[in-house]
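This report describes a sheet and a chain contact. The sequence and structure are shown first.

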Amino acid sequence: MKKKFHNSTDLIQKVFHIKGQAIVVQFVSYLVDRERLEREILNALTSSPKRWTNDTLMNKIPIAASECVSSVDQITQKVLHGSISVYIEGEKEAVIFALPKLDDRGLNRAETESLVFGPQVSFTESLNTNLNVVRWRLDTDDLVMEKLIVGERIPSEVRIVYLKSMADKENVATFRERIKNLQVDQIEDSSVLGQLIEDSSTSVFPQLIFTELPDRFCNSIVKGRVGVMVDKSPTMLVGPMSLFSFFESTEDLYMRWNMGSFIRMLRFIAMAISIILTPMYVAALTYHYEIIPSTLLVSLGQSRATVPFPPVLEALLLEILIELLREAGARLPTKVGQTMGIVGGIVLGQAAVQAGFTSNILIIIIALSALASFTAPSYLMGTAVRIIRFPMIILAGMWGLVGIVFALSFLIIHLLKQKSLGRPYLAPIYPFQWRDFNDSLFRVPFQKNSRRPVSTMPQDPTRYNSSKAEEHKDVKSP
Amino acid sequence: MNIHIRLNPDKAVHAFYVFFIIHTCQIGAGLMGVPRILFLEAGVDAWVSVLVTGAYMHVLVLLMLTILRNYENTDLIGVQMDLFGRWIGKGLGVLYILYIFLLLLTVMKNYIEVVQVFIFPQIPIWLMSAFMLILMVYSILGGFRVVVGTSFLFFFLTIWLVLPVYKPVTFMDWKHLTPIFMSSPMEILAGAKQVAYSVLGLEILFFIYPYIQNKKKIAAAAHAGVFFTTILILLVTVVSIGYFSPDELKETVWATLSLFKIISFSIIERFDFLAVALWMMVIIPNIVLFGWIIIHSLKRLFSFPKKPSLYITALMLFFFSVLIEERIGINFLTSITGEVGFWVVFVYPWLLYAVLLLKKVFRKGNSNEKMDPN
């Protein structure tokens, strides 16, 4: 054992001589609950009147998580995961008691996917805590949490979470097979696992949802989707997903349906603005002056009169400025980041216009499209939208409207080709499922929406009895 | 080669999409210029010609489905092989592919010319055809599902272009449409033939038939698609005749696009620029579907692997589109394609049907063998 640990002082080996028996207790000092170790194991060991055998150890010591293990490798593994091994001289096997003590940060408010209204808790890095939260939210025996171990050098635990009577078996099997077939030495995070098992790694669009919100995770699972949890990671994977689910936020459900629908539509419009607005400006000013109404053309011309660059260069310059600001803001500590935004946004923007680098109108357009790209509830989707803007701007600068239409067509065909866990990415638009529009592009009232989206292939598509949904039984006074 | 196509149900699509496939296949470059050529032939009664062609197309859909329903699950290639034997069938298949190739080339050339005339005189031809071919290759590489999806989505992305037509409608002079029934029946038929040129693409039904899941519903979807095409052409023709004066219309090569010229919004002054650029999205389903027919038929006829034949087809289209330079060339190409297409799409099915009936009678006389050659 000592050898396995390279004689580290972390491994504590204590030999007790009780009634002529030599008992070896081994554990890693900071991985186990010392208090319980002393109270429940050592106390019992030393105070017992009888001689110990493995049987009596298993039966007498009041710790439920115990087992007999014979190979040294396995013992090492267990000890590394916070177990205590007790070996009695003469026995073939050692008894392992699991008494792990993990330090984690406890449940906190969600940071990357913050909600104004609704549950605030987010997942943590500890799988145990996360499993606890999920079980607590979905307290049914229908919930399955399959355990898999991934990583050859540094193994980590992966759980496939789904509802047995709801999730499509094929989806579960796809997840299981893809994870099992992985041959990696280590998984850094669930997002790395996600990238490894995604359908297309060349696309800029994420194909699985990465979420840190337990409510979002559990809602998706109840809809028949399949979730994956990875130890040491606070983000969970959910699949199969369609493009539109990346623009859904659980907040839409908590708000009244009309507000929810409005905000959802707003996000789609924001994406369109974010992708098209700057390229349109570039195309119109480079080639198609005729498109711009004459009244606007005057003010545009005035603001661009001193700008020495072609519109493409001007737009790219500002876009990169905005990206720099965003990146700097993300890397800096929160307190400095605030100042950074003001300095960058106001001072740089103002100065750039006064120095004649850019036009005022372009600053408005760029700011608008940057703002729009931040409305995506999924951080990865927002990033994807920002990235596809750059080729669009360049194409617009080179070939005007034709370039934009080409880029858009390419984008749409690209999206058509994508799949998530082998399921179409553009559902419910293609393949067309009118019923699924209820809870993807719009958010209709719950009373009208008695079915689960069938694009995720739930085994039971009905949510509740739709005929009774609208009845409200009021108690009438006699 | 096996006449019947066996495929796993995953690859098949719902009959609902037949509407979009047929419609997007028919509407393309032809719609841009149809009012003028129609007016030149049939005059004020051009709308009658549209209705005549529309009615004929419904008959044609019926005929095509009748032919196909005599078989278990096959396409035109299979039908030809069965009716004319192995070698003649293959030869006819090659001719059909050549015709589709010609059609594809015509569509591309016409659109490139429109772009050059309307918005971008200096855009090189090779660039435009590279744009379109890249999209074609990219879409076809995704398989039949993506091809159908392309036609479905691009239909919705472009169909709203009909809405701004309300503006020319308000400027219409209904007197331009009178007096009615002044043209002779021959003129109307000549006009109908001109309409037929612009709605080539109906033949796609012969090729997608095996890939549709619920065969019973195909008829409804196909008729709806043809009907919608007729309505669109009728709308464009009537509005153009009403909006332009007769002399003006004779000079306006792309009357449909010119209709967009007076449309302006508070943020977009010249809508026709946007419309012409967006028309690429009308063209793309055409190109993708025709390209799919070529690749698919080559695979069926000679078991060519799909990827190389796709690349080679795209390269050939690219070179041909660059080589044919002048307007004369395009006019010549268009009229040839129109003429060939008329015979291939609108007449040839009757021949097929006649041979089919003959063969049926012949087989019945010989023995009580079933139609199914397997």
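Contact here means heavy atoms within 4.5 Å.

## Basis of the report

This is a predicted model, in which local features need pLDDT of at least 70 and side-chain atom pairs count only at pLDDT 80 or more, while totals for chains, interfaces and linings use all residues. Residues are numbered from 1 along each chain as its sequence is written, chains are lettered from A and ligands numbered from 1 in the order in which they are written, and side-chain values use heavy atoms, without hydrogens and water.

## Contact between the chains

Chain A contributes 32 residues to the contact and chain B 38 residues. Together they bury about 3100 Å², 79% of it on carbon and sulfur atoms; buried area is the accessible area (1.4 Å probe) lost by two parts on being put together, summed over both. On the side of chain A that touches chain B, the largest share, 16 residues, comes from helix 14 (residues 379-417) of chain A. Helices (H or I, at least four residues) and strands (E, at least two) are DSSP runs, numbered from the N terminus.

## The sheet of chain A

In chain A, five strands form an open antiparallel sheet in the order 1-2-4-5-3, where pairing requires at least two DSSP bridges between two strands. Strand 1 (11-18) and strand 3 (66-69) of chain A stand at the edges with a single partner strand each, so one side of each has no neighbour in the sheet.

Strand 4 (residues 83-88) and strand 5 (residues 94-98) of chain A run antiparallel and are joined by four bridges. Ile84(A) stands opposite Phe97(A) in strand 5 of chain A.
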